[in-house]
Every structure is written in structure tokens, then in C-alpha cells.
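Here is a friendly tour of the model you have open.

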Number of protein chains: 2
Amino acid sequence: MSTTGSAPASGALSPQLADVAGPANGTIQPAELDELAAATLRFLAADAVQAANSGHPGLPLGTATAAWVLWSRHLRHDPARADWPDRDRFVLSAGHGSMLLYALLHVFGYDLSLDELRRFRQLGSRTPGHPEVGPTPGVETTTGPLGQGLANAVGMALAERMLAARCNTAEHRVVDHRTWVLAGDGDLMEGISHEAASLAGRLRLGKLAVIYDDNNVTIDGPAERSCADDAAARFASYGWRTLWVDDGNDVAALDRAFAEVRRIEDRPTFITVKTTIGYGAVEVQGTPAAHGAPLGSATLAGMRRRFGWPDTPFHVPTAVRLAGTVRAGAGAQERVRWERTHAEWSQAHPDLAANFPLDRVPSAPDLGVLKPLADGATAGARTATRKASGSALQALAPVYPALVGGSADLAASTNTAIPGGDVGPGEYAGRTIHFGIREHAMAAAMNGIALHGGLRPFGSTFLVFADYLRPALRLAALMGQPVIHVFTHDSIYVGEDGPTHQPIEQLESLRIIPGLTVLRPADAAETALAWEFAAANLDGPTALVLSRQDLPVLGGSGLDDCRRFGARTVRAPSGGPDVVLAASGSEVSLSLVAAELLAARGVEAQVVSVLCRERLEGALRSGSYPRPTAPVVWIEAGVPTGWRALAGPRDTVIGVDRFGASGPGHEVADHLGLSASVVARTALATVGATSAGPAIPGRTPRA
Amino acid sequence: MSTTGSAPASGALSPQLADVAGPANGTIQPAELDELAAATLRFLAADAVQAANSGHPGLPLGTATAAWVLWSRHLRHDPARADWPDRDRFVLSAGHGSMLLYALLHVFGYDLSLDELRRFRQLGSRTPGHPEVGPTPGVETTTGPLGQGLANAVGMALAERMLAARCNTAEHRVVDHRTWVLAGDGDLMEGISHEAASLAGRLRLGKLAVIYDDNNVTIDGPAERSCADDAAARFASYGWRTLWVDDGNDVAALDRAFAEVRRIEDRPTFITVKTTIGYGAVEVQGTPAAHGAPLGSATLAGMRRRFGWPDTPFHVPTAVRLAGTVRAGAGAQERVRWERTHAEWSQAHPDLAANFPLDRVPSAPDLGVLKPLADGATAGARTATRKASGSALQALAPVYPALVGGSADLAASTNTAIPGGDVGPGEYAGRTIHFGIREHAMAAAMNGIALHGGLRPFGSTFLVFADYLRPALRLAALMGQPVIHVFTHDSIYVGEDGPTHQPIEQLESLRIIPGLTVLRPADAAETALAWEFAAANLDGPTALVLSRQDLPVLGGSGLDDCRRFGARTVRAPSGGPDVVLAASGSEVSLSLVAAELLAARGVEAQVVSVLCRERLEGALRSGSYPRPTAPVVWIEAGVPTGWRALAGPRDTVIGVDRFGASGPGHEVADHLGLSASVVARTALATVGATSAGPAIPGRTPRA
């Protein structure tokens, strides 16, 4: 390893620097300042982990110099305005190193006090164990689950390019910033890193750079125990440029590498920075012991002695604080210049400014365009809800220019292509993103686009493959990001593709993610309404769950009930019903057939379509939607757990709680005990009707 | 592209060959036979897709020649004994091309009749839409969800090396076979392919080969629209050898490449084979239209004319059938030789033969070693169930030599290291596998190890990261593979790591996967019992859900009830209880504290620990475990949906249905309304007790 410009291997400061580290703070040379600043970041991190008696000192100690060089010389940011839309994004993908980020934020003057650092990992602090977007100014995304931050960053860098193509004019450059990622071995080992890096390479996202903290250590031991990748060669295979810094404490080499990143924009850059995990804590440095536990008071005291660092925890030398402030001032000047440009641009291009507010996810326009498709839908025709969704999206896209998205290579099946052209390398003005067969990176990039602001992302795949993107969808919910997921082919009615492609447990598995709105429309009218809900929901992610197969259009009557209660009645007997058939999606029309079978037996059934179970549950709880007096048969082609939770003691639930089979959809449904006759017979049993009257053909109901 | 030895671009057979394709079947030269055989596979696939009016002809048409060359010259197999343990494994990772596999199986004489090919994608056939292990002899794994097959194959190839290291002796080579994968663009774009290929490269699995069907087309268009990877360079970066075949119809080049694969064994091989999707169907070949829809009668008829193929669907020329039979005969001879060796080996090494039955997943030994840890556990001490799990595993490992596994880089946290050394490149006699930070590939490789036979795999990670491996776990359940997943850090009690690391919905999301057994022990005794359940369960996957934090040991009393009903009483009032507190895992000891608070108020609480909710539900349904006469408060630190489904009308449920927070575990629990006082007050409200008596401190119960 080159040692040019690096600190002594022990981490010790030179004697005169040790002096200025103390309260006295004498004069200081630039190179000395860098050493002092890196040491400050290291000790802030080590002190906070020690105080919390929990956390990860290894990454902050190893990468403090790189982070300092980036933040003090290259990162475009204004700590006073953490939400400046044209700031560079810095993503700590290796989120366990959160104290590095908190130390940086503090030193550069973000609104994060030393007291907050002292409260690291305490309930209600701004310094949670892993960085969380929201409570902490300057945190761009919630990281910790490995690989997610890197993939978020791909979305952010893509959003930057797409907005630049839309907004920048010959006179005004209002979108012009970079996305920097600090990633570790874990990020790179995770599969999502492949999907995300491959997508970024294809799209030639030249303003994206990944700094790889190459420390050769994972939790279980030397990284080589489990991994022998040539990471740089791998990223080169995706079309990335690769740079090397042989010594993570070599300020000049780091500075050159980051400057080189900023020199060209034709493809993303991968910088391998060789570091020593836990650098400076000589008892543990370079070993897994440095990764995820407090250094301990003895090791930390020894490190203090060697660095000549004051005993007081959370010490920040005045020179370092001053350097942070100076840099912040320069950032503020840049920001003020940008605001002037932005103001001129807004005046010159009010439409652009209105359509693409750069500081937030643009809210939906007046959704009147969906009304004819929803309230105005006429009963009688047949169409798959995935097709109805395509129609809704086609109607919505022209009035909601910020809406962009695509599919994980299933656009023709999910009906999610929209007018406006494709996004491709150098072609960022398009609206349709070809995410490729990369569900996980799609969902994480959608999160990144939403976090970036200025655009509203959607994505699509088959419902069964929601499993592939679940970790990213969970993070969307945790962060409250308004991404829209279109999941088609939503049940065993997928048919011939068989059990690997037939969702059974996926629908319920989505419903139990806190904060995710799940909508399963019964027909084209409800599908348009579902898009209305999704577009209007800026509080978190929405999932539309849609049929592959054609379904009868039930029409727009009663949709206001869906808006208020999440459910509507699609068949109401003139008298009080003997039984209620409550279903979602494709099982609503099945229930209508069952209701006719029941009517032939003199049993009157009300049929209720549940578009949004969560909303209905709320309405039932609050009493705004009274519980039916007649017993209810709840029906859905998926695991019935959630419906059983909702059902009253006299109710019955029909679902599917085993895997499907390959065959024509309706045969598979019959095979699994899902048919109109089964619904009808179950309803009869539920109301305790005698078995007099014409026999209802079909299979035995399931237990 | 080289055209040496390739069929004419139109796919047409030479005139004389067209004759033998017909019923007459004249004499034929070897090169002509290859053409004829490849055409046979193509037409069988195209005819079956046409008959089903659904399916994927593109891959079979493009790769028929490569598949024929592999199966007729290189694959070690005996069609009469599809379960021969020392056969080569052939994995169709691109499972949508299932008809290629079915056509191969038929032509080589596996027990798969033409009638089954005619019933492609029909309910109950042996030819489901995607290959399914079980119904179809010769199908090695269930594929379709992309990337899974490739990762299964890594597990199979690893199992081969590990068994070879254990079983082969100087005199007897009983384990010596290869694993071949046919993979498409989709497989390679999925993140799991990165994890699996990186792991295989690290472990130098030299008897693994991936044939990459490089056809430049995905569903949504040219592959380059979404992907610009240099796939070969990427695999080289993992340490794989790379080979090229420029023309997928070049028999000689394919033969050379497969022979080269068999020449060396020091690292896995990646063979790029350039193909034309839908080759021969000139109207659609080379385009996405060839991928996933029937060719249509006109295109198929035109293809028949150009190939000189008989009009009768499902035609197999006698020469091709004969060639398949001859190859099958050669395979049978190899198998018979192997059986002789195996018999000698079994006699010479009865212990090895007993410990490592090569034809199945070895069943568990007498589990008496776990009894002292379960029934004999003495109440009073405190230990985390993850640590108790480590003790159980340490006890089990010596008596169950086939048990192998490891962790996704969290061995020290999940307590899953076992004696016997590490598995590494060239070191396959070890027992601990370092899967790396690759949860998804870990789970899929575990499936591959189980499918291979001879070993019993386990793996481990944090419960929250079950999301990362969910698609592979689902397939384990669908295939009924007895893999054991150890999920630790199972609730918001994870504490300081915060909401990204605190499972909320994961436990319930596992319980709703059909066929997955989920166990959440309350203490060390139940943990040992859970390992007993897991070891004994050969019918499907088992998930152990374990605490990070210490829990009181409740002792071994009543464990027989757990065995029978999935639950046991850990506190029984002398009289009949006023209320039942039923909980799982760490909430059992919480309930015991609550019971004491209640006792102080004169309310007698029975406390029930639910180790396996599914088993308890069955017992309640069957009546073998009577429903309590007193009202029940159900408590679990996760989404409560499933418990609400179980609860009777007088019962109450306490759970967590929002994301957690970073802070000390018990503070987080308090913050989320999970405490003994909340449980006690909820119980009081449930039984309708008056609020007389000493106040119970704590937070308000959640609605």
C-alpha cells in the first residue's frame, strides 16, 4: 500500500497537532487539519458507540479520512439547508456505520447537536442505530439492510438525469448534482448490488460514484473466507469506470480520485479504497472485532493516548469545527446562486416548475380524468383489471407529467408502458424505464427516485414476484415513500404457469406490512378508483393487485362507498339479505354468480366488494360502516388468515391455503375448492339453510 | 457467427434427411442424426405449446442443439433410473423453457410418455407449465422464478464435493458427478445469480457448469434495452473459467466446449452460447414474439414445411428414438458399474453408508441427545433462545453427521458454528459453510443441497432478513424440502439497531407460507424441543424463530403437550383460571410477570406457551386441545393478524403492527405498548374485572 500522505500507522498525530487537538487550538497547516478532522470523526464515532454500549465503530474509523476529503472538498451541500434540491446526495449504504454520518453532519454544521450524538441509539434521538430518513437532517435514505442504499442511489442518480433532461434549459441549469455512495463488502455481496449496478451501467449514470470501503473483513472473519470477487472487474463488466486508492488515509490520492469522478460523466465510477477496519484502535484494527461492538474503555483510552486526543468524550477541535463552517459557507453560497437561477427558471418556465417541483414528490393533479373510467364505467363488458389499469395509467400519464416508471421486463403483461418514450443511456427525457429482470433493484430505485424528489415513480411485476422485492418495499413503507407498485397475475387464476407463478400467500404478506396500502379491485371501475387512491396517497407506498384474467365490469355505482369505507355493495337484495358474500378482486364476480345460485334456492345474498381491506377494517372498528346483521362469507383466492381475523363468530371464510397447480385457471380454482357452487353451498351452511331445493353442483367446501 | 456444422439458417433439413424424418426412416449419418434430433426437440416443444395454447417455445427452439449435444454425449444419466445418486444433475434454470426438458426426457426414454407431452400444462399432468420436482422423473428442481435454479445448482455442486470428501476412498469413488445449468438472460439479471455465482467461485466448485443461452432478447425487447453486461467478464471476476460457442447450432463447437468443461475441475465454468430465440420459426425468431406464446398454426406449418417435418404433431423419428435408447443403455451400464462399486463401498464402510445415504436427505438419528436440554432443562437460569439453539446444535451435530450448514455472515450472532471445520475451496470435508452476506443464495443453495441428497442443510440469519431469502424459502415449501432455517433477533427487542433490523411482519409472513413449519420457543427447553421437531421434520422446511435477548428458562415440564398440541401450560392456577395468557417466544415470560401482577389483584391467570401456532390450531380444530373456557389474551411481539384469526369472540390480542424504533429493547417495547402491565391491564379488561385494587403501572393498552 502506498503511504504517501497517510497518517502514521498507529494513527498518532504529530506532537504539535496533538496540541491543537486540545482545547488550546493553535495554528494549523492544511495537511494537519485533514489529520485532525479525520481523527475527530473517528473519536466522535468511537465515543458515541462507547456511550451507547452498542454500535459499529469499524467503518467510521476505517473511512473517516475518505469521508472527510469527500465532504470537505467535493460534496456539493449546504448544511444550513439539508433539503436544497440541487445538493449532491451522499448515501451511506453500509448503514451500520451510522456514526460516521452523524459525525460528519455535526462537524459540517447540520442541525445535529453534540447532545444528539451523545444520545446515539437512544429512543427518540436523531441518531438512531441505522440512519433513518426523517428525524435526521442530511440523511438521504434509511439504510442498514445491506445493498439497499446503493440501489436507492441508482434511483437518485437516475432521477437527477431525468429531471435534468426535463428541466434544464440553455439559460438555466437547475438540476446538476452527483450521487455518492459509501458501500462495504456486505453491500457488494448482496444480490441487489448486482441488479442495481448493472442497471446503472446500462443507463450510463455518469454522475453516480460508489466508494467501496475495501477492508477485507466481514463479521465472520476475513472477507476472503466467503468471497473472492474481483469487485472492480465486476463493476467494469457492467460498464463502470474503475478507480483505485491504495491507502484509505492518503488524502492526496483520495482527492485526486474524487476530482477524477467529477471530470467525466459518461458512465458511473467505482472507486476501490483500501482501508483498515477500526483504524487506530490497534488492539482490534483489521479484524472482525472492530466491526460491530464498542471498542471498550481500555482500547479507546489507548487510542486517545496514541492520537494525543483529549480525554473528554465528544471532543471537536475548534480548527475542525471552523473548517466545517467554512465549507458550509461555501456551500451556502452555491445554494444561494442556485436559488437565484431557480427563481429565474421558475418564472421563465412556470409549467416546468409546477410539474416538476424539485423539493418533493409532486402531488397528483385533479384526478378527474379517472372519473369516466371509474364512476362512468358501464356494466356488462369484460376486461382484466391489469388491462383496466393500463387504461387508467394512459389517462393519468398526460395530466401527471411527473409520473414515471416501468416494469421488470413484463411491460406488455402488466400494461404499464406509457406515452413519452423510453429512458435509455443518454435518453433521459423518456418516461418508461426498462428496469430489466431486476425486481429488487426496481423497487429500491423507485425508493431512490421518490427520495430524490421531482418525480413520482411506479413499477410493475407479477404479484408472485413481490417476494423478490419485499425488502425494498418494506423500506418504502418504513420511510413513507409514495411509490406505486402494480402487481398483476394476482392469484391461482394465473393458471397454466403453475404454482411457481400463482400467488397464494403474497397478498396477505403485503397487507401485513405496516403503512403499505393494498388495493385489489374487482373490476375496471374499481381499478380506476384504485389508481385515484394510489395517485393521491403521498403518505406511503401503494400496491395495486390486479387480475390476469378478464372480469365482468360491474360499473361505477357505489364507488363513493369504496372511497369512504374501502368497500361497496355490488348486489343488494330488495329485502334484508339472508347472507352477505364479501370478496375482493376476481372473487367478487364469482360471488355474484353464487348469489344467483342462492337466489334460486330462495336465499337472498348481498354481495360486497372489498377494494381495500385495511380501510374497511377501520370503518368497521369506528362503526362508520356497520357490521352486517346477516352472517358473512368472506372470499378471497389467497391465504385466509387476515379474513379470519376480520370475521365474526357466525361468519365463514373461503380461501386458498395450499400451493396451486398448473392447468387452466378455472380448473385450478375448481381443484382448490374455489367455485361459485362452493361459495353458494358454504353460504347455505353458514345461514343454516336446509338442503331442500335444487342441488348445487360442484365440489365439497374446504374445511 | 461461425456457421461450421450449423443447420441452414432457415432450419431446413437436407432433402434426404427430410425423408428419414418421416415415417419411413432410412439410413442416417451421425451429423444428420444431430440435426434430426435437434429438430425433434424443437417440434415437440412447439407442438406442445401449440396444443396447450400457452407456454414458451423460444428457449427450446434456440437451445435444442446445445441440449441435444449435452444429453447425448456428455451428461451422465440413466433414464431408467432417474434417481441414480451419482447421475449428473441438469438444471433448467430458465424454467419457462420446460418443454425443452420434457422433450429431452421423452426422447431419452425417461418415464414421460408422448401422452404426457400432449397434456402439457394440463391439470394433473407430469408436464406442468414450469418444471416441478416430484411429478416428473428427471426434473431435478422446481424452476421458473428466475435465478433460483442456478443457485440450487450451486448447492448441488457443493453437496457433491462435500459428499465426495466424506465418502470416496482410495478404492471406491461413489460420488463423482457434475452439475449442468441452462440459464437465460433473466437468470443472470436477477440478484441471486450474483450471490450464487460469487459463492461458487469462492468455493471453486469445479464440477459446476453454466450454459448461458445468450439470445439477446428479453420479454420487453432486445436484452440490451435493459442490460449491457459483459456476462463472461462478470463471471470471470468471480473466478470462473469462461468458454464461448459462437453458434448455438454448431454441434462440433458445443461438443468441444462440453468436453473442455469435463477436462478440468479447479473452478466452475461459464459457457456463453450464442443462440437465436425461436430458431426455425422464421416469422418470429430473434424477437420477443418467440419467447412466451404459441407460434400459431401458420408459423408452425411454415416451419414444418421448411424442415420437411411431418404434419403429425408430436412426431419422433425412429432414428432419434433409437439414438436416445442407445445413450440410455450406455448410461444404464455406467449406473450398474456404479452400483457394484457402491455395494462394495457400503460393505467396506457401513458407517459412511449409514450416515450419508446418497439417495435421500438423511433422516435424523435418535434425538435422545436433545432430551437433557429439553425435558431436563431446569428453571431459573436466563439464556437467549439463540444461545440455547447453539447448545442444541452442538449436541445434535455429533450424532447427525449429515447435518451441515452455516450462516449468512452472522455465525457468532446466530450461534450456528458447529464442530468439524470450515468448508472452503478444496476443503470440502468441513461442516460449516460460510455463505457470505448472501441470504438469498444461502436459502437456494440449501434447497440444492437437500435436493441433491446425502446431506441435511441448515442456514441462519436475522429474522428481519428472512425477507431477503423469501423466494427460495417458498420454493423449499413448494418442493417439500427439509431445510432448516435459524432466524434469530426475532422482534423489536433487537433494540438499538432500530426499525430496519426489528422484525414486525416477518413472523406472520413466514407462518402464511403453506407447508413451512414455524417454531418460536419461549425458553431454552422449548428451543431444544424445536430442534427436535426440526430435525425430525423431513416433509418440508422448518423455521426456528429465536430471541436475541436473554429469557428465563421455564424448564422442561409439559413439553409433551408441546409435542402433541404445539403448546404447553407454564403457569396453572390451582383453581380454574379467570383468564388465559397465551403467548409465544419472549412474550411468554412477559406473560408470567403479568400473571403475578394479576394475582396481586386476585385474578388467576393460566399462562400458555405456543411453540407452534399451526399445530395448536390443528389441535383446537380437532378438539384434541379444548378451547379454554376462560377468555384468552393472545400476545406476540409482531403483527397480530394471525392471532386475531385464532381468537374467540371474548378474547383480546396484543401485538405490534407498526414499525419499531432505535433504543434499548425494553424501552422500545414499552414505547410500542408491550409490557407486563399492559398485558395485565388488558387481561383485566378482558375478564371485565373492576379496577379496584392496587393500580397497575404502565402505558395504555393499544386498541
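Predicted model: local features only at pLDDT ≥ 70, side-chain atom pairs only at ≥ 80, totals over all residues.

Helices (H or I, at least four residues) and strands (E, at least two) are DSSP runs numbered from the N terminus; axes are lines fitted to C-alpha atoms, for helices over the stretch in contact (heavy atoms within 4.5 Å), and angles run from 0 to 180 degrees between N-to-C directions.

In chain A, an open sheet of 7 strands has the order β10-β11-β9-β12-β13-β15-β14, with parallel pairing (at least two DSSP bridges). Its edge strands are β10 (422-423) and β14 (517-519). Strand β14(A) is joined to β15 (residues 542-545) by 3 bridges, and A:L519 has A:L544 as its bridge partner.

Now to the two chains together: 96 residues of chain A are in contact with 96 residues of chain B. Between them, a salt bridge (Lys or Arg side-chain nitrogen within 4 Å of an Asp or Glu carboxyl oxygen) is counted 8 times. One joins the side chains of A:E505 and B:R474 at 2.8 Å, N to O.

B:L510 is in contact with residues including B:L463, B:F487 and B:V518, leaving aside neighbours within four places in sequence.

Residues are numbered from 1 along each chain as written, chains are lettered from A and ligands numbered from 1 in written order. Local features need pLDDT of at least 70, side-chain atom pairs count only at pLDDT 80 or more, totals for chains, interfaces and linings use all residues, and side-chain values use heavy atoms, leaving out hydrogens and water.
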